[in-house]
Amino acid sequence: MSDEPDDWGDKRLDEMFERAAAPRDDAPRPSIVPPATRQSAPPLADVLDFEAQIHGLPGQKQERIRTLFGLSNTRYHQILNRYINTREALELNPMLVKRLITQRDRRTAARASRTFGNRNT
């Protein structure tokens, strides 16, 4: 692997995921969330499989996220957005990941235009 900017960003993401997944022996950090309710991130493959199956069933999605993963809708989408930026996700299901990235980009653009208005004039 070279140290080009693109590779550097991927390496940083990989390092962040490895650190997050590694067991921690250091002193516990204070948290707003009680320990019994903290959830680890579901495996990448499970999240991508879920997204592939749930496509087109928006009414059921929030219920299933809570049931299958034990996460709030917001937390699930934070994890999903982090996952779809990884090389591993693209290798597992390239068409799905590209669709999810396109949807995210459209929503971001729509949110920006509502917030800041159309400034292309």
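User: Which residues in H2 meet which residues in H6?

Analyst: In this predicted model, Leu 48, Glu 51 and Ala 52 are the residues in H2 that meet Leu 96, Val 97, Arg 99 and Leu 100 in H6. The residues of this contact of H2 with H6 divide into 5 nonpolar, no polar and 2 charged.

User: What makes Glu 51 and Arg 99 count as charged in the contact of H2 with H6?

Analyst: Glu 51 in H2 and Arg 99 in H6 both belong to the contact, and the charged class consists of Asp, Glu, Lys and Arg. The division of the contact of H2 with H6 accordingly holds 2 charged residues, alongside 5 nonpolar and no polar ones.

User: Why are H2 and H6 called roughly perpendicular?

Analyst: The two helices pack at an angle of about 75°, with their axes 11 Å apart. Angles from 65 to 115 degrees count as roughly perpendicular, and H2 and H6 are therefore given that description.

User: Why is H2 described as roughly perpendicular to H4?

Analyst: Helix H2, residues 44-54, packs with H4 at an angle of about 105°, and their axes are 11 Å apart. That angle makes H2 roughly perpendicular to H4, since the range for this term runs from 65 to 115 degrees. The residues of the contact of H2 with H4 divide into 6 nonpolar, no polar and 1 charged.

User: Which residues make up the contact of H2 with H4, and what makes one of them charged?

Analyst: From H2 come Leu 44, Val 47, Phe 50 and Glu 51, which meet Tyr 76, Leu 80 and Tyr 83 in H4. Glu is listed with the charged residues, while Leu, Val, Phe and Tyr are listed as nonpolar, in keeping with the division into 6 nonpolar and 1 charged.

User: How do you know that Lys 61 is buried?

Analyst: Lys 61, whose place is in helix H3, has a relative accessibility of 18% and therefore counts as buried, the cut-off being under 20%. Leaving aside neighbours within four places in sequence, Lys 61 is in contact with Phe 50, Glu 51, Ile 54, Tyr 76 and His 77.

User: Why is Gln 62 called exposed?

Analyst: Gln 62 is found in helix H3, and its relative accessibility of 53% makes it count as exposed, because that term applies to values over 50%. Gln 62 and Tyr 76 are 14 residues apart in sequence, and their C-alpha atoms are 9.5 Å apart in space.

User: What makes Lys 98 exposed?

Analyst: The place of Lys 98 is in helix H6, and at 53% relative accessibility this lysine counts as exposed, given the threshold of over 50%.

User: What is known about the second largest pocket, and which residues lie nearest its centre?

Analyst: About 420 Å³ of space lies in the second largest pocket. It is lined by 20 residues, of which Glu 51, Lys 61, His 77, Gln 103 and Arg 107 lie nearest its centre. The elements giving two or more residues to this lining are H2, H3, H4 and helix H6 (94-116), and H6 gives the most, with 7 residues. The lining divides into 6 nonpolar, 8 polar and 6 charged residues.

User: What are the elements of the protein chain, and how many of its residues are buried, as a percentage?

Analyst: The protein chain has 6 helices and 0 strands, and from the N terminus on its elements run α-α-α-α-α-α. Buried residues make up 19% of the 121 residues in the chain.

Methods: Residues numbered from 1 in each chain as written. Predicted model: local features only at pLDDT ≥ 70, side-chain atom pairs only at ≥ 80, totals over all residues. Heavy atoms only, no water. Axes fitted to C-alpha atoms, helices over the stretch in contact; angles between N-to-C directions. Helix = DSSP H or I, 4+ residues; strand = E, 2+ residues; numbered from the N terminus. Parallel < 35°, antiparallel > 145°, perpendicular 65-115°, else oblique. Contact = heavy atoms within 4.5 Å. 1 Å grid on protein atoms, 1.4 Å probe; cavity = no way out; pocket = protein on both sides within 12 Å on 5 of 7 lines; lining within 4 Å. Points joined across faces, edges and corners; volume = space filled by probe spheres on them. Buried < 20%, exposed > 50% of the residue type's maximum accessible area, 1.4 Å probe, protein only.
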